[in-house]
Amino acid sequence: MGSLLWTHGRADARRNGTPSAGASLLVPMDNEQTNHLKAYGLAYDAVQRGGHTEWLLNYRGGSFLIPDDGTARRAATLAGIAVAAVSDADVLDIRGTIEQSNMDAVPLEKAPRVAIYSPPFAPPWDDAVTLALRYADIPFTRVWDPEVLGGRLADYDWLHLHHEDFTGQYSKFYLTYAGAPWLADMVRENQAAARTLGFPNVPALKKAVARRIHAYVEGGGFLFAMCTATETLELALAAHDVDIAAEYADGTPMDPDADAKLDWTQAMACKDAHVEKNPAIPAFSDIDGHQVNNPGLRQPLGAFELFNFSAKIDPVPAMLVQCHRQVIPDFYGITTSFTRHTLKSADIVLAEEPGAPWVKYIHGDVGRGTWTYLGGHDPEDPQHQVGSAPTDLSLHPSSPGYRLILNNVLFPAARKRELKT
Amino acid sequence: MRAARLLVGLLALAAAAPVRAAGQEILIRAMDLEQVGAWNEAGALYRQVLVDEPTNAAALLGLERVSVQPAQRDTVLAYAARALAANPAAQAAYAVELRVLRAMGRDSLAAVALARWVAADSGSSAPYREWARISFKAGRVQDARDAVLLARQRLRDRAALAPEMAQVDAAGGDWSGAAGEWRAAVAAQPVYAEAAGFGLRQAPAEMHGAVIGTLTGSGPGMAAGRRVAADLLLGWNEPGRAWTLLRGALPAADSERAVVLRTFAERARSLDGPGAQRAAAEAYDLLAAALAPEDAGQIRIESARAYAAAGDTADARRVLRSLSGDPAADDVTRSAAAAAMIELLVRERNPEAAERTLAGAGTKLPGIERERLARVVARGWLQIGALDRAERAVAADSSLAGDEVRGWVALYRGRLADAKRLLRGAGATVGDRSRAPARAETVALLDAVDRDTLPELGSALLLAARGDSLHASRALVTVARGLPDSGATPEAEPALLSWAARFAAAGGDSAGAEALWREVAERFGSSNAAPAAELALARALAARGDLKAAVQRLEAMILAHPESALVPEARRELDRLRALVPNS
């Protein structure tokens, strides 16, 4: 087995001027790795360049095997990614280890086309997925309501949602941040979009967008959502014929019997939730277990634990939990977690806080596609506030929480036949 | 978050409300259950209290809080009605009734309840305030405005509910109107000053002028408005204007004036920039005049320090001199004043006077403080190149901190081996830690030069110590160019040229600095100094907008020196230039 390229690369460079190429490069993802997040970008780039790339599930933290060429070596050195040159014989040894353990080698065949659902205005909070993709140098396209309703989601393999409020209530910041210029922008842009696209108000627009997203998943798309987008997407789908928006959002009060009228058969992950009826509390329902903005109900942060899945039998959930840490400190979002009693029985729990009435990370199928929800806003800023500076990932290159996001980006690249679950 | 504060406020109010001894224990249990989210159980206990004490406001408010299901609201209404039957003046019950009816969407019944409350308490603004707040929370801004206007008309008070109207105006983008309302509110009740500042601070930049204009215009409440304006201007980085406004709007009473001045001075002192420091200094100065002499000493010292931080050493000296001649000042205050004066004189590059002051303070200063100030004086001598005087100033100081001073003296005299030994001995923790990096860098330079003596290098570095960066840079280049003939190590020339580049940049010669860094990076590419030169060059290129060349430099540096300690910094810079991380 080759040693880490730092040593190799320097010796090669000094002898020959350029690094020499071997059979493959192993990108370890255990504690030997010096920049886990950029390693995903290296793997993505290898797939995009058409080289034979494999994701070695559960092998040294979920390592990658990529073709050894000058481009990959240069990129690894520039980004500070630890890689090791491995010969064909080394690869055979690795395969032997994988064969005898709870591990698997999943070929990555097609670099997924990534879309991030994001408004054209700049809200005063960061978006963990945008930060992660940008830092890993993985290309993506921004889409918003006009693109979604215009059928453009079909152009993408992977869609990400983050802090969006699909109930159309502006994250319920309307009252607490009344008068703030960024909120005025948000209201104006959303109302303009609703008018342009022919909807009577913003909640109606967002419900239509939610239904399109549901159809996208049903048709084979991969959806990954974090923070408020998870819970509000579920609520918007369940509330297709019910007014769950506060009066300030659509001009009419919320239906007092909304809870009883919600149609959970239309939702993807949740059931039997109760909506938060106070328009001044930035919380949406009891889907979220932590209620960070709900005084009296707010729960303290703990840590969540990733499940161990069988790499050979359940490669999809196994891919989604590849990490060099089994236990990860929790982090708040308006939706931090998912209460167990509001989960559908078919949901796969990927991570939970043991003993708590909530879970952190869930996954499931709808039609030919899949959805994955991760609670919380920013894994490296556990109490991200409105107006806080965005997280600088160069200070957290091995963030285990951000790794979970990037697992989701690469998972659609896996060869379809491997997606058994 | 405002909502959170509101709820905490309600709980505090509830806890403070008087309760009968019999019901108190049940009430406390109910609140505990509420805190842990057992709302149904808490509701049952609140109801239990209300059966015996129908007008218990804490229990009624608690029942309202935990009754979030629509089906429970009728129950709350029933208890509110019972409370009103027992006491038609129970304000909390009226408020609960209003909120519940509005939450149920029964607007017409809510209007009747409002009328009933107004009739029961016709001279009070409370019913209108509650109605306005409920409307505002529901996003019905016009309803909230109407409620305030109705209150003003009926109560014949044009300033009634000014804080509520200010929020309504701000929500509608009328920041000038909001400023006028807050001015009236603070004039009536100064306790609103902080809320006014908080509410108006969020005004967009283009509205700042209108807000300040409204707050400071002549008419009733002008002084209150100006105090709010001063607070805002401090936050909006206009400290000079803020102080001018505040000085003209100080309360007449000494005690109130002292509070206003202290608050302003402390806030300004915590801000960066000479303007804020000067405003702080003047406010402290005035505050000292408002205090009893025995309380004013420390305030004057703070004033002097703020003047010095603002670069106004003349005023700083004036304040300190007045203190040293003040018969009311005690020994501790005088010693502190003497120390501040010595630091000030050194800052003014007048070590002679600093030394005299130190000698004058004599035994009044504790021994350790006297030694520390002697080193301050010694550094003052170093700043002007008086090496003998610096050495004499610490002659009696055998500490490692004293060795540090002797190390610099040796360096500037060109006794490099002695300098290296003394500076290295001082380590990283002696004296002011902010000087430790400079010591480490100097020791690294001396390692690279590897000579026991080199007077030309000492002279060149002394120029830099005296603040003459450009001449220091040129002198270092001369030393560097002359080295190969005198048999120096291969690391010496690039190290000296790197230092010369740094001094050139500090002296404003960015082109000269760039040329020197380029020379180190290209002519001495395998030297220890090369990675730092590449990094500095890339930063210089980026600073003048040539991002492409900067990125190329950084990439070249990382690929050529992958094991340099500077590589993580270069990678971070590369990420920043490529916009892969936020530009923070």
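Author: Let's start with E305(A), whose bridge partner in β13(A) is E352(A). Strands here are DSSP runs of E with at least two residues, helices are DSSP runs of H or I with at least four, and both are numbered from the N terminus. The pair belongs to two antiparallel strands of chain A, β10 (residues 303-306) and β13 (residues 348-352), which are joined by two bridges. Two strands are said to pair if DSSP finds at least two bridges between them.

Before going on, a word on the source: this is a predicted model, in which local features need pLDDT of at least 70 and side-chain atom pairs count only at pLDDT 80 or more, while totals for chains, interfaces and linings use all residues. Residues are numbered from 1 along each chain as its sequence is written, and chains are lettered from A and ligands numbered from 1 in the order in which they are written.

Now follow β13(A) to its other partner. Strand β14 (residues 358-366) of chain A pairs with β13(A) in the antiparallel sense, over four bridges. Within that pairing, I348(A) has H363(A) of β14(A) as its bridge partner. β13(A) and β14(A) form a hairpin with five residues between the strands, and there G355(A) takes a positive phi near 85°.

Strand β15 covers residues 369-374 of chain A, and six of its six residues are buried. Buried means that 20 or more other C-beta atoms lie within 10 Å of a residue's own; 12 or fewer makes it exposed, anything in between partly exposed, and the C-beta atoms are placed from the backbone. G369(A), W371(A) and Y373(A) point one way from β15(A), while T370(A), T372(A) and L374(A) point the other way. β15(A) also has a parallel partner, strand β9 (residues 222-226) of chain A, to which five bridges join it. In that pairing L223(A) stands opposite W371(A).

Stepping back, chain A holds 13 helices and 15 strands, and 56% of its 421 residues count as buried. Of the contacts in chain A with a separation of 6 or more, 75% are between residues 24 or more positions apart, where a contact means that two C-beta atoms, placed from the backbone, lie within 7 Å. One loop residue is worth a glance: R60(A), found between β2 (53-57) and β3 (63-67) of chain A, has a positive phi near 50° although it is not a glycine. R60(A) counts as partly exposed because 19 other C-beta atoms lie within 10 Å.

The largest nonpolar core has 331 residues, and A43(A) and A132(A) have the most contacts inside it. Such a core is a set of buried Ala, Val, Leu, Ile, Met, Phe, Trp, Tyr and Cys residues joined through C-beta atoms within 7 Å. Leaving aside neighbours within four places in sequence, A132(A) is in contact with L37(A), L393(A), Y402(A), I405(A) and L406(A).

Chain B is built with 33 helices and zero strands. Of its 584 residues, 47% count as buried, and residues 24 or more positions apart account for 49% of the chain B contacts with a separation of 6 or more.

For a helix pair, look at α18 (residues 293-309) and α20 (residues 331-347) of chain B, which pack at an angle of about 10° with their axes 10 Å apart. Axes are lines fitted to C-alpha atoms, for helices over the stretch in contact, and angles run from 0 to 180 degrees between N-to-C directions. That angle makes α18(B) roughly parallel to α20(B); the label applies under 35 degrees, with over 145 roughly antiparallel, 65 to 115 roughly perpendicular and the rest oblique. Among the residues that meet are I301(B) and A304(B) in α18(B) and A337(B) and L344(B) in α20(B).

Lastly, A90(B) sits in the loop between α5 (70-86) and α6 (91-103) of chain B. A90(B) is buried because 22 other C-beta atoms lie within 10 Å.
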